[in-house]
Structures are given as structure tokens and as C-alpha cells.
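Student: I have a model open and want to go through a few parts of it. Can we start with the strands?

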Amino acid sequence: MPIKILSVDDEMDLELLLTQYFRRKIRKGEYEFHFAHNGVEALTMMLKEKNFDIILSDINMPEMDGLTLLTKINEMQNPALKCIMVSAYGDMGNIRQAMNNGAFDFATKPIDLDDLSVTIEKAIEQINYIKQSQQEHTQLESLKTDLAVAGEIQQAILPRVFPPFPEFSEQLDLAASMTPAKDVGGDFYDFFRIDDNHIGVVMADVSGKGIPAAIFMAVSRTLIRAIGMQGISPSDCIKRSNDLLCKESVDCMFVTVFYAIYDVKTGELNYCNAGHNSPFVLHADGTVEMLPTSTNCMIGAINGLDFNEQTMQLGKGDILLTYTDGVNEAVNTAFEEYGDDRMENVLGEMTGKSCKEVIDGLLASVKAFAGEAPQSDDITLMALKRW
């Protein structure tokens, strides 16, 4: 696109002078000159076209002088529009006022066209820089809007209706929460009905942050849910999910997963932990137990792996708490970690509480500990209680 220059001067011979001197740039399509003979005419042209880049304006003109025109241009609040003021050499008072009022540069009459050419080139450099910055700002705003929408979509695909299984209201309590560190996150939780007596529960954490993690999170959740609802064992579900995710993984992304099948009638929990944080069990008597550390690999990284599973029994009143490392690895302003021990102690004070109360209490504890420190990782919690 050519640089559009509006020359505003009541001296008619300036039009011929400029078009003759800049004829090569005009023919090449680099410059495009327009001419007005006073400020009023210039403003009319600017309101019609609105895409001038440089205003080359005389200060002393009839009807509307250059200083008034400069004031009107400033009111347009277009930082990419540059004004070069022209006046007699002895008119330094007006030139100084023009510069103080925001003119880019000035030239004195008789105009040195070589010097004016340099001034125009300097203005073009500034204009191109500002336009590029404006374009980047627009792109960032658009990306920010897209991320906000993506965050809403991501939250929408996670189960958010609690209690999730009204038919089991006398046997089961379940609650969950996910707080991303950025607009979108890589953590996810899930739960789904398998048959009349069994439900599947999932807690997972995708490597990385931001958009790549969010996309891989959506793929991982869909795969695990689709395979898990077939009713196969947790270890087989994780094995099949791993083999499929390895085909989709980009840049060595992986997922740590805790997947369990819970028997609503008996309280038996059959689970497979693929490299994820060990869940806690808050027993009805107030004791807190951490399940054994996982010996399985995370999924999505190495194809063809086998996974082992374990079984445990939830007693009446016991709560299984699963979480991601955004909880125990949360840091405060002194760069101290929240830690497993603090988490265990806080859980020990929540005997008899509902799943939602346990989650809200832990979130409040983590927030109080972190203080003014920014959240560095997604924070996700899910609690399951046997009545």
C-alpha cells in the first residue's frame, strides 16, 4: 500500500513542486499525494478517506491555520498519523508551538526537498512501527478472546452437576473442582456410570501448560472415558488409552492418570495409578492414609506398556481425595511448597465433612498459604465419600 500524503498549503505551485520531485516514488506506487488549500478543506478530505499517513501542512493559511488543523488532528487520536508542519524560517514561535502540540517534525520555507524527503522517510519508519504494534495488539486481543472462550468450553466439558448420581445419594457423595493457572489448563477430572453398581472416576494432569496442554487434555479425557465406559479393568483401560495416546502425542507430551472403578454397594475401589500423585484416604475415625506410590509409567509417552492395578476398601464415612500437583506443590512468596504433610494435617481436621466442604477447605488452605504468590499450576481436586 502506498504512503498517502496530504499536502495542505494555499500556495498552488507547491503541488507541482512535490509531484515533480517525488515523481519516481509516485510512479512506483510508493507515495500517493493529495492536496488541500486550507485546513477546512483538509479536514473534509480526511473525514472522507480516513487513511492518510502523513499531513504536510503550512502553518499560515486562510479559513483555518495549520495550528488549528493540528489540534483537530490530535482529537482524532490516531498515533499512526504524522504531521509535518511548514512555515517561514523566521516563524520559529509558531513552529515551536506546533512541535509542543504534537507535530512529528517541521520544514521551513523555501522548502529543501532533499531534507523533506529524509523527514518523510523518518515519519514512515515511525508509522510502520506503530501500525505493526497496532496489528500485534489486535491479534493479542483476538487471541485473548479466543482463550477466554476456550476456557469456558474446557470448563463446560468437565462434569459440573453435583451430586452427579442422584440414584446413589444415600450411598455416595462426590464433588470436584478445577482452577486453571492460565486461561486454559491441562488438568482434568471425570466420573461416569459404568453399570448399575459401578462408576468410573478419573483424575489426570497433562504435561505442559496453556493451549497445547488443553487440547491434549480434551483428547485424553475423551479416550479414557470412552474406553472406561466399556467396563474393562482399570489397568486394561489405561493400557489401551496409553497405546492410543502415543499415536497422538506431539512434542513428547504425556498424562499422569489415576483411574478407579468404584463399587457403590460394597465400597470396593479397584484402581490403576499411572504416574499420578498418590491419593489420600480420610477415614471416618479421623486418620489419614496416603495410598502407595505408583510404580506405573505415565501414559502417552511409551507405547506397548503394561500397567498394574490395586484394590482397596472404603469404609462407611471414608473419603478418597484425588488431586493434581498444583495442590501439594503450590508455593508462597518465600518459595516454600505447601507439601504433602501440610495437606495431610489439613485433611485430618475435616472428619465428618462433606466432599464439597473438604474441597473448599483445602482450596482455602492452599490460597491462605500461597498468599500473594501467583498460581503457578492448575489446581484440581476430587473427593468421593462412602456413606
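This is a predicted model: local features need pLDDT of at least 70, side-chain atom pairs count only at pLDDT 80 or more; totals for chains, interfaces and linings use all residues.

Student: Which way does β9 pair with β10, parallel or antiparallel?

Tutor: Antiparallel, over 6 bridges; β9 is residues 255-263. Tyrosine 259 stands opposite cysteine 272 in β10.

Student: And how many residues sit between β9 and β10?

Tutor: There are 4, and the two strands form a hairpin. Glycine 267 is in the turn and has a positive phi of about 80°.

Student: What about β10 and β13?

Tutor: Those two pair in the antiparallel sense over 4 bridges, with β13 covering residues 310-313. In that pairing, asparagine 270 stands opposite threonine 311.

Student: Switching to helices. Which residues of α10 are buried?

Tutor: In α10, residues 340-348, Met343, Val346 and Leu347 are buried. They cover an arc of only 100° around the axis, which puts them on the same side of α10.

Student: Why would residues spaced like that point the same way?

Tutor: An α-helix has 3.6 residues a turn, so residues three or four places apart point the same way.

Student: Which residues are exposed on the other side of α10?

Tutor: Asp341 and Asn345 are exposed there.

Student: What does the side chain of tyrosine 189 reach?

Tutor: The backbone oxygen of proline 159, at 2.6 Å. Leaving out residues up to four places away in sequence, tyrosine 189 touches a set of residues including Leu158, Phe162, Met178, Val202 and Thr380.

Student: How far is tyrosine 189 from leucine 381?

Tutor: They are 192 residues apart in sequence, with 7.9 Å between their C-alpha atoms.

Student: Last one. At what angle do α7 and α8 pack?

Tutor: About 145°, with the axes 9 Å apart; α7 is residues 210-228 and α8 is residues 234-248. The crossing is right-handed.

Student: Which residues meet there?

Tutor: From α7, they include Phe216, Val219, Leu223 and Ile227. From α8, they include Cys237, Arg240, Leu244 and Glu248.

Conventions: Residues are numbered from 1 along each chain as its sequence is written. Side-chain values use heavy atoms; hydrogens and water are left out. Two strands pair if DSSP finds at least two bridges between them. Buried means under 20% relative accessible area, exposed over 50%, partly exposed in between (1.4 Å probe, protein chains only). The arc is that of the directions from the helix axis to the C-beta atoms. Contact means heavy atoms within 4.5 Å. A polar contact is a pair of N or O atoms within 3.5 Å; within protein, one must be able to donate a hydrogen and the other to accept it, and residues adjacent in sequence count only if both atoms are side-chain atoms. Axes are lines fitted to C-alpha atoms, for helices over the stretch in contact, and angles run from 0 to 180 degrees between N-to-C directions. A crossing is left-handed if the near helix is turned anticlockwise from the far one by less than a right angle, and right-handed if clockwise.
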